[in-house]
Amino acid sequence: MAHLRSRRVRALAVPLGLALTASLGFLPNAATAATPEATAVTADGPLLSYVVNTTPGHATVGKVKKAIARAGGKVITAHEQIGVIVVHSANPGFAAAVRTVHGVQSAGATRTAPMKATGTTDIGKPQKVELPKAQLKAAGAAAAANGKEPLEPLQWDIAAIKADKAAKVNPGSRNVTVAVIDTGVDDTHPDLRPNFSAKQSANCVGGVADTSKGAWRPYDPETDYHGTHVAGTIAAARNGVGVAGVAPGVKFSAIKVSEPKTRMFYAESVVCAFVFAADHGVQVTNNSYYVDPWMFNCKDDADQAAILDAVGRAAKYAQRKGAVNVAAAGNSNLDLGADKVVDTGSPNDSTPVTRSVSPKTCWDVPTQVPGTVTVAATGSHQLKSGYSNYGLGQIDVAAPGGDSAQVPELPAKNGNILSTMPGGDWAYLAGTSMASPHVAGVAALLKSVHPKASPQEIQWLLKQQADNPGCPTGTASCTGTKHVNSHFGYGIVNALNAVRK
C-alpha cells in the first residue's frame, strides 16, 4: 500500500486498519525596492491566498495593509505579533507588487490552484471489524485484572516506550495541554472526552480562529479521522474504556487546519494554529502533516520562501511562549540529510512536477523548521519503519509509528498503532503521524515533571533519556554512531525515564 507522503489525507499516516467497535522569520530580510507602496491593479486572475510577511508591529502592519488593498488584495487576518498578514487576491501580479512595499520582507501564494473544492482522492479507509461484545468484555476483564485498559494488550507501542509503567508513576499533569494541530478531533469519544480542553481548541481553516462549540471537530468523520487517532495516542484516558494514551493524565486540545473535502494543510491555517496555541497556554504542539502544496519549500522560490517565513515565524512564536513543537518526519523513505532528493508530488493542489531539491535549502515544513522536534517512525522490532524518512542531523528522536513487516508478539498481532477513531471506534494506522504523538506525549510527561523547564530543556531531556538501539548490521542507510544516527536520531523516546529522572 502506498504510504501517505503523497496523500490527499494531508496527514502523515497510512490507514492499515482494524477498527474495534464496542457498540520570527527564518529567512534573511528580503531587500525592498525604493517604491513606498504598491500600485493599484485590476483583478482578473484566479483567487489565491497569500502570506505577506512584514516587520512585526501595529504601525508597519497598518501601512502594509493599505498597500495590500491598493495592490488588489483583501486582508483576511493580520498576526501583528509576528508580522504575518493573510490576504486573498485575484490579481496575478499581487505578490510581485506587494514585495516592493517598504516593510514587506517576503510575500507569496500559499497554493497553486484557485480557492475552491477540488474533490477528494483517498488511499483507503481503516477496515472496521466489530468484535463480539462477549469477547470485548472478556478482554476488558482480563486487562483490568492487570491494571490495563481493555484494548491495551493490543498496544505494543505503549509497552515499547514504557508508557504503561510511566502511568503508574505519573500519568501527567492537568496543567499541561498538548495541541493536536490536525484534521479535527472527535472530543465526544469516550476515551477522549475526559481529557479534552475546549477553551484551547479552535478551527483555524482559512487563517482565522473559530472557537464556536464543535468547530474543532472533523468535517467528515469517515475521512477526517486522522486527528482523532493522533489525540488518542497522546492522551486517551485510563478510564476503563478502549485504549491508553502515552500521557493519560494531561489535557489535549484540537486545532483544525485541514480544508474541507480537499483536506489540504495550507500555510495560513497552520500559522493561525501556532499563534492560537501560543496565545492559549499550550505547552506542546503535535504536527503530523506537512504544509501543502509543496513537500519541500525552497528558499530561492519567492512563494515557497514566503511560506517558510510565515510558518517559521509562527512556530518560533509558539516556542517563545513556552510550547515544544513536535513534528513527523514524513513517509517517503527519504534521506533528509542527503545533498539531493527527488520530489515527484509537488505542488499537490494542481499539476505535480518532478524536481530535484536539496533538503539543506528546501525544507519540509514544519518538520525542518528550526527548534522543531523531528520524529522518525519505528516498528515493533525497534527498526526504522520502511516508509519513514530519516537523516543524520535531521532526525531528533524516534518513536513507534507501526510497520506491517514488523509483527509484534501476541496478543498484539498487528504491527501498526491502535488508537481512537471518530464515532467511538478504535483502529490501527501506521505512519510517522503515529510516531510524532508518542513523542508529544512524552514531552507532556516531561513538562508535567519539570513545569518550569523551557522548550529547549524539554527537547534536551527527550534526547538525553532516549534509548538508541544503534544501526542495524548491514543497513547502509543508517549512518552515525550508537548514540546519534540517521535512523533514530538520539534514540527511541522513553516515557518511564521522563517521569523518573
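Q: Is R263 buried or exposed?
A: R263 counts as buried, because its relative accessibility is 1%. Buried means under 20% relative accessible area, exposed over 50%, and partly exposed in between, with a 1.4 Å probe and protein chains only.

Q: Before going on, what kind of model is this?
A: This is a predicted model, where local features need pLDDT of at least 70, side-chain atom pairs count only at pLDDT 80 or more, and totals for chains, interfaces and linings use all residues. Residues are numbered from 1 along each chain as its sequence is written, and side-chain values use heavy atoms, with hydrogens and water left out.

Q: Ok, back to R263. Where is it, and what is its phi?
A: R263 lies in the loop between β8 and α7. Its phi is near 55 degrees, a positive value in a residue other than glycine. Helices (H or I, at least four residues) and strands (E, at least two) are DSSP runs, numbered from the N terminus.

Q: Which other residue has a positive phi, near 60 degrees?
A: K162 has a phi near 60 degrees, and K162 is not a glycine either. The loop between α4 and α5 holds K162. With 30% relative accessibility, K162 counts as partly exposed.

Q: And what about the burial of I161?
A: I161 is buried, at a relative accessible area of 0%. I161 is in the loop between α4 (156–160) and α5 (163–169).

Q: What does I161 touch, leaving aside neighbours within four places in sequence?
A: I161 is in contact with V246, P400, H438, V442, I492, V493, N494, A495 and L496. Contact means heavy atoms within 4.5 Å.

Q: What is the geometry of α9 and α10?
A: Helix α9 (residues 432–449) and helix α10 (residues 455–465) pack at an angle of about 115 degrees, with their axes 10 Å apart. Axes are lines fitted to C-alpha atoms, for helices over the stretch in contact, and angles run from 0 to 180 degrees between N-to-C directions. The two helices are therefore roughly perpendicular; angles under 35 degrees count as roughly parallel, over 145 as roughly antiparallel, 65 to 115 as roughly perpendicular and the rest as oblique.

Q: How about α6 and α9?
A: The axes of helix α6 (residues 226–235) and α9 come within 8 Å and cross at roughly 35 degrees.

Q: New topic, the sheet. What is the strand order?
A: It is an open sheet of four strands, ordered β3-β4-β2-β5, with antiparallel pairing. Two strands pair if DSSP finds at least two bridges between them. β3 (73–79) and β5 are at the edges with a single partner strand each, so one side of each has no neighbour in the sheet. On average, neighbouring strands are turned by 20 degrees against each other, direction ignored.

Q: What packs on the sheet?
A: Helix α7 (residues 267–279) lies across β2, β3 and β4, at about 25 degrees to β3. Helix α8 (residues 302–320) touches β2, β4 and β5, and its direction makes about 115 degrees with that of β5.

Q: How many residues of β2 are buried?
A: In strand β2 (residues 48–54), seven of its seven residues are buried. L48, Y50, V52 and T54 point one way, and S49, V51 and N53 the other way.

Q: How many bridges does β2 make with β4 and β5?
A: β2 and β4 (residues 84–89) share six bridges, and five join β2 to β5 (residues 104–109).

Q: Last one: which peptide bonds into prolines are cis?
A: The bond from D292 to P293 is cis, with omega near 5 degrees, and the bond from V365 to P366 is cis, also with omega near 5 degrees. P293 is in the loop between β9 (284–287) and β10 (297–298), and P366 is in the loop between β14 (362–363) and β15 (373–378).
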